[in-house]
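Here is a short report on selected packing and charge contacts. Look over the sequence and the fold before reading on.

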Amino acid sequence: MLVIGGCLLIWFTRRPEQLFHPYLWDEEGQILRHFLSDGLLGAQRPVNGYFNLTATLLVPLAATISFAHLPALAFWMATAVFALTVWMLVIPDSRWGNQGTRACMAFAMVLCPTNPETFGVLLYSFWWATLWPVIILGWKRDLWWARVPLLIVASLSSPAGALMAVPFAVAYWFDRRRANLVAVGVLAVGLVLELTSLFTGVRKDVALSTNLLAVLAQCLRTVGLFVVWWAERGQVYWQVSALLGLVLVEALLAAVNVLRLTQTMEPLLLLIAMVLFT
């Protein structure tokens, strides 16, 4: 509970204006308009080119509870999605490490160097739901009552979440665990729906022009930004963050080798997930 409380404290400080003066994001207004005109099913249409089930379910729910207090309800629902993400990471027994390790992962998650709209905006709850499959991949127990519903939501909340079918498939190749096979099936269905929407929707030109080298470079930059998030934005900023990311990744691989953890598949699964996320 201390970890969840600490992460929530950081969460509130990352975007305090959303706590004291909440408002709806532009796309949340679009979801609301679809809900008011066509009902709940009508609200379940792609947002910016892909499905975002966390927002298209929770925005209508908030509006149903109290339209007058919709912005505040949306904020607290976004906070609940984040708190659930931290709980999923630190409470169930996990292959990702002991509770101390997973507590560090939780704080790294909330300290991620990203723009503040990720914190407190219900539309961006897909950002946290995208992490759910990787967290669930680490669960040592099946927990079917939580596993399947959370994977369904994650697979229909962003293409990146559905792409986590890949590390689940790799894990199944090694351990032949039925829970991993079921996850592959759930996420694969979501991936088909997400990619169909992505490559036929408003973002199809961006999706078709994706540069693999740029994706790999962004993976390194994401790691390096934990160190240089305070630096001046610009070309040098990105170069330094990518260089630091490369150094940190190499240091991690060296540490894994020194600690003789190469016989385990956890580093491989996390590396695959990081590349696909980016």
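With which residue does Asp142 form a salt bridge? The partner is Arg177, and the closest N and O atoms are 3.0 Å apart. The model is a predicted one.

## Salt bridges

Asp142 sits in the loop between α8 and α9, and Arg177 in the loop between α11 and α12, so the pair ties together parts that are 35 residues apart in sequence. Asp142 is partly exposed because its relative accessibility is 28%, over the 20% limit for buried residues. Arg177, with a relative accessible area of 18%, is buried.

The count of salt bridges comes to two. Asp38 and Arg45 also meet through their side chains in a salt bridge, at 2.7 Å from N to O. Asp38 has a relative accessible area of 45% and is partly exposed. Arg45 is partly exposed too, at 32% relative accessibility. In general, side chains of opposite charge can pair when their charged atoms come close.

## Helix α9

Helix α9 covers residues 144-155, twelve residues in total. From its first C-alpha to its last it reaches 16 Å, close to the 16 Å expected at 1.5 Å a residue. Its buried residues are Ala146, Arg147, Leu150, Leu151, Ala154 and Ser155. Seen down the axis of α9, these buried residues fall within an arc of 135 degrees, so they line one face of the helix.

What does that face pack against? The buried residues of α9 pack against α5, α7, α8 (132-137), α10 (159-162), α11 (165-175) and α12 (178-200).

## The nonpolar core

The largest nonpolar core holds 65 residues. Trp11, Phe82, Val86, Trp128, Trp139 and Phe168 touch the most other members. Helix α5 gives the most to this core, with twelve residues.

Trp139 links several of the themes above. Leaving out residues up to four places away in sequence, Trp139 touches Ala146, Arg147 and Leu150, among others.

## Thr85 in helix α5

Thr85 lies in helix α5, which spans residues 70-90. Is Thr85 buried or exposed? Thr85 is buried, because its relative accessibility is 0%. The side chain of Thr85 reaches the backbone oxygen of Val81 at 2.8 Å. Beyond its neighbours within four places in sequence, Thr85 is in contact with Met109, Trp128, Trp132 and Ile135. Of these, Trp128 is one of the core residues that touch the most other members.

## Ser125 and Trp127 in helix α7

Helix α7 is made up of residues 125-129 and includes Trp127. Ser125 lies in this helix as well. Ser125 counts as buried, at 1% relative accessibility. Trp127 is partly exposed, with a relative accessible area of 25%.

Their contacts, again leaving aside neighbours within four places in sequence, are as follows. Ser125 is in contact with Thr54, Ala55 and Val81. Val81 also supplies the backbone oxygen that the side chain of Thr85 reaches. Trp127 is in contact with Cys112, Thr114 and Thr118. Trp127 and Ser158 are 31 residues apart in sequence, and their C-alpha atoms are 7.9 Å apart in space.

Definitions and conventions. Residues are numbered from 1 along each chain as its sequence is written. This is a predicted model: local features need pLDDT of at least 70, side-chain atom pairs count only at pLDDT 80 or more; totals for chains, interfaces and linings use all residues. Side-chain values use heavy atoms; hydrogens and water are left out. Helices (H or I, at least four residues) and strands (E, at least two) are DSSP runs, numbered from the N terminus. Buried means under 20% relative accessible area, exposed over 50%, partly exposed in between (1.4 Å probe, protein chains only). A polar contact is a pair of N or O atoms within 3.5 Å; within protein, one must be able to donate a hydrogen and the other to accept it, and residues adjacent in sequence count only if both atoms are side-chain atoms. Contact means heavy atoms within 4.5 Å. The expected span of a helix is 1.5 Å times one less than its number of residues. The arc is that of the directions from the helix axis to the C-beta atoms. A salt bridge is a side-chain nitrogen of Lys or Arg within 4 Å of a carboxyl oxygen of Asp or Glu. A nonpolar core is a set of buried Ala, Val, Leu, Ile, Met, Phe, Trp, Tyr and Cys residues joined through side-chain atoms within 4.5 Å.
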